[in-house]
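Visitor: I am new here and would like to know how the labels on a model like this come about. Could you show me around?

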Amino acid sequence: MADSLDVLRTYRHDLMNQVQLLHAYSQMKKFDRLQEPIQNLIAEAQRHTEMSAIASPMISYVVLTRDICYQMLHLHASYEQLETPSLQAEQRAAEVLFDLLDHVGKHSMTLLEPLRMDVWIVAFGQGYEIGWFLGGSGDGEPDFAAWAQRWAAQGIQFQQLQEEDGIEYSIRFQAQE
């Protein structure tokens, strides 16, 4: 509950900053400067609408709240449900995804440029596969070695694959019976 309140405070604070900027531009009659902040607000609202529409409320909550909390993390998420996941699998996926996005989000706070993160989440009955790709920051990527080792001890398989445009990461797991 405390995390939800923190997220709402952050969202309200950021929204009020944008509204004050728009108000100042309009008061100064600098109408040519209004377009970019308005387009940014629209784009963010559209992204949050897409995140809110993820079929799993738990996964939707995690993605949306981490996106709001870490402003230097530009998160784009997709969700595919091959089979209806068990409640246990969904809870585990939410826990792991929360930890992953916090790990990357904290790293993004140390960067000078926003870090783009594309995440794809696939649900299959008793498990999940979560993949991600980071791009847009020349300041390096977070170190996933310790993170992956911690989760490997709990049966989560971590992979990284070098692609032409960067490294693609993924984890896969089955819910423990």
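Guide: Let us go through some labels one by one, keeping in mind that this is a predicted model.

Visitor: Why is Gly105 called buried?

Guide: Buried means under 20% relative accessible area. Gly105 has 0% relative accessibility, so it counts as buried. This glycine lies in helix H4, residues 87-108.

Visitor: Which residues is Gly105 in contact with, leaving aside its neighbours within four places in sequence?

Guide: Those are Tyr70 and Leu73. The C-alpha atom of Gly105 is also 8.1 Å from that of Cys69, a residue 36 places away along the chain.

Visitor: What makes Asp99 and Arg150 a salt bridge?

Guide: The rule asks for a side-chain nitrogen of Lys or Arg within 4 Å of a carboxyl oxygen of Asp or Glu. Here the N to O distance is 2.9 Å, so the pair meets the rule. Asp99 belongs to helix H4 and Arg150 to helix H5 (residues 145-152), and the pair links parts of the chain 51 residues apart.

Visitor: How many salt bridges are there by this rule?

Guide: The count comes to five. Among them is the one between Arg172 and Glu129, with 2.8 Å from N to O. That pair joins strand S5 (residues 166-174) to strand S3 (residues 127-135), across 43 residues of chain.

Visitor: Why are Arg172 and Glu129 called partly exposed?

Guide: That label covers values between the buried limit of 20% and the exposed limit of 50%. Arg172 has a relative accessible area of 35%, so it is partly exposed. Glu129, at 27%, therefore gets that label too. Arg150 counts as partly exposed because its value is 42%.

Visitor: What is the order of the strands in the sheet?

Guide: Five strands form an open sheet in the order S1-S2-S3-S5-S4, with mixed pairing. On average, neighbouring strands are turned by 15° against each other, direction ignored.

Visitor: What makes S1 and S4 stand at the edges?

Guide: Strand S1 (73-81) and strand S4 (157-163) each have a single partner strand, so one side of each is left without a neighbour in the sheet.

Visitor: How do you know that S3 and S5 pair?

Guide: Two strands pair if there are at least two bridges between them. S3 and S5 have seven, in the antiparallel sense, so they qualify as a pair. Phe133 stands opposite Glu168 in S5.

Terms used:
Residues are numbered from 1 along each chain as its sequence is written. This is a predicted model: local features need pLDDT of at least 70, side-chain atom pairs count only at pLDDT 80 or more; totals for chains, interfaces and linings use all residues. Side-chain values use heavy atoms; hydrogens and water are left out. Helices (H or I, at least four residues) and strands (E, at least two) are DSSP runs, numbered from the N terminus. Buried means under 20% relative accessible area, exposed over 50%, partly exposed in between (1.4 Å probe, protein chains only). Contact means heavy atoms within 4.5 Å. Axes are lines fitted to C-alpha atoms, for helices over the stretch in contact, and angles run from 0 to 180 degrees between N-to-C directions.
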